[in-house]
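Here are some notes for a reader who is meeting this structure for the first time. They go from the overall build to the ligand and then to the core.

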Amino acid sequence: MASVRFSNLTKVYPGSVKQPDVTAVKGIDLQIEDNEFMVLVGPSGCGKSTTLRMLAGLEEITSGECYIGDRVVNDTLSKDRDIAMVFQNYALYPHMSVFDNMAFGLKLQKTPADEIRTRVGEAAETLGLSELLDRKPKALSGGQRQRVAVGRAIVRNPKVFLFDEPLSNLDAKMRVQMRTEISKLHGRLDATMVYVTHDQVEAMTMGDRICVMKDGVIMQVDKPLDLYQRPQNMFVAGFIGSPPMNFFHGRVSGEGDALRFEETGSDANRVSIELPSAASALARPYAGKALVLGIRPEDLSVATESSGPTFSAKIEVSEPMGSETFLYLNTGQTDFVSKVQSDHRFQMGDSIPICMDLSRIHFFDPETEKVVAPT
Ligand SMILES: Nc1ncnc2c1ncn2[C@@H]1O[C@H](COP(=O)(O)OP(=O)(O)OP(=O)(O)O)[C@@H](O)[C@H]1O
Ligand SMILES: [Mg+2]
């Protein structure tokens with residue numbers, strides 16, 4: 001087994017006369033521990049596949065180093081890196097049986113036939129494919145094909161498994177099922193896995209740690225709940241969580257211990273709340289200045305008589321999800337979402353009082369978009 005490390009890893013795709021160069025990965029540093037399940041997540045075009053392909057040896061590294069274990073592998077051929085990659089489109093050989101698809105790499109390596117039978121047999125057992133070994137890929141469901149692609153990686157017994165959006169061709173139910181199967185596999189195989197997705201639910205549920213990328217840069221690397229509870233910037237706060245964190249742009253007013261957050265604008269309904277002492281302490285350096293207040297949908301509720309400070313908002317859309325309802329609301333300035341209990345009945349266009357859990361607010365600097373941390 002092996003750790004993986006990127007040091008100032010950079011990829012420039014050279015342009016042409018008409019096209020400028022594209023810097024897809026901009027000097028990233030990342031340590032992936034032996035046996036860790038690391039998820040790379042981020043919007044389309046942020047450099048996830050490029051990073052994975054540099055690690056796999058499928059894409060030349062422009063500058064910086066890529067380590068597997070203690071060894072720099074920049075100039076090591078893909079086949080000598082001891083990795084196996086599972087792609088989004090599975091890339092199975094259509095004319096070969098499931099057995100032959102899984103055995104193909106081992107045959108190329110001139111592995112003895114009885115050892116091939118043993119390894120393919122074990123992998124098929126692990127993945128529930130034992131009954132399907134004689135079938136051709138076209139006679140398999142999407143999920144079964146997916147498992148053959150994973151099986152082909154397992155039989156090679158690699159140090160590191162790489163997955164690039166392996167579930168995106170599956171329907172929603174199958175995705176959930178395969179997600180758990182890959183997580184279980186990780187538990188059983190004791191292997192280092194690097195998994196690329198743009199689905200934040202996959203990232204949250206599968207990763208030991210998650211690396212959030214944007215425009216070729218790493219925005220934050222953390223355990224799933226730390227990422228959710230302590231986002232370091234507005235990008236991560238808005239990317240992880242569904243619906244995402246709400247942001248209110250405003251100013252800090254008042255002085256001493258009696259600071260208020262006032263939403264920008266002149267609308268009578270704008271958010272204006274007195275900050276409790278912990279939040280005041282955080283906001284103090286911004287007194288008289290602009291600040292962004294972030295709050296997750298579940299930390300906003302419909303106010304009752306015993307609630308603390310409230311503000312009024314208009315219901316634009318109500319989406320009952322069964323166990324809870326997503327209310328899409330507007331203060332007159334800001335659109336935001338609240339997750340509330342489904343036992344309320346809501347009427348579009350109504351104004352309702354909203355209460356904020358003031359112990360759960362985040363502040364962000366409007367210019368740097370970084371979280372305001374205690375000093
Ligand atoms: N061969 C190439 N030549 C030029 N530019 C490329 C090439 N491959 C990728 N890019 C660019 O590099 C950037 C990163 O691409 P990459 O495929 O790594 O993104 P990604 O995060 O995997 O996105 P997605 O979620 O859509 O798969 C994009 O701007 C893309 O257009
Ligand atoms: Mg990609």
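1. The model is predicted. Its secondary structure consists of nine helices and 20 strands. The C-alpha trace spans about 75 × 45 × 40 Å along the principal axes.

2. Of the 375 residues in the protein, 36% are buried. Among contacts with a separation of 6 or more, 65% join residues 24 or more positions apart.

3. The shell around ligand 1 includes Tyr13, Val22, Ala24 and Gly42. Also part of this shell are Ser44, Gly45, Cys46, Gly47, Lys48, Ser49 and Thr50, along with His198. The largest share, three residues, comes from α1.

4. By residue class, the shell around ligand 1 holds four nonpolar residues, seven polar ones and one charged one.

5. The largest nonpolar core has 98 residues. In soluble globular proteins, nonpolar side chains tend to be buried together.

6. Val39, Leu40, Leu162, Val194, Cys211 and Ala283 are the residues with the most contacts inside the largest core. Take Cys211 as an example: leaving aside residues up to four places away in sequence, Cys211 touches Leu30, Met38, Val39, Leu40, Ile218 and Val221.

How values were computed:
Residues are numbered from 1 along each chain as its sequence is written. Chains are lettered from A and ligands numbered from 1 in the order in which they are written. This is a predicted model: local features need pLDDT of at least 70, side-chain atom pairs count only at pLDDT 80 or more; totals for chains, interfaces and linings use all residues. A residue is near a molecule or strand if its C-beta atom, placed from the backbone, lies within 6 Å of it. Helices (H or I, at least four residues) and strands (E, at least two) are DSSP runs, numbered from the N terminus. Ala, Val, Leu, Ile, Met, Phe, Trp, Tyr, Cys and Pro count as nonpolar, Asp, Glu, Lys and Arg as charged, and the others, Gly among them, as polar. A nonpolar core is a set of buried Ala, Val, Leu, Ile, Met, Phe, Trp, Tyr and Cys residues joined through C-beta atoms within 7 Å. A residue is buried if 20 or more other C-beta atoms lie within 10 Å of its own, exposed if 12 or fewer, and partly exposed in between; C-beta atoms are placed from the backbone. Two residues are in contact if their C-beta atoms, placed from the backbone, lie within 7 Å.
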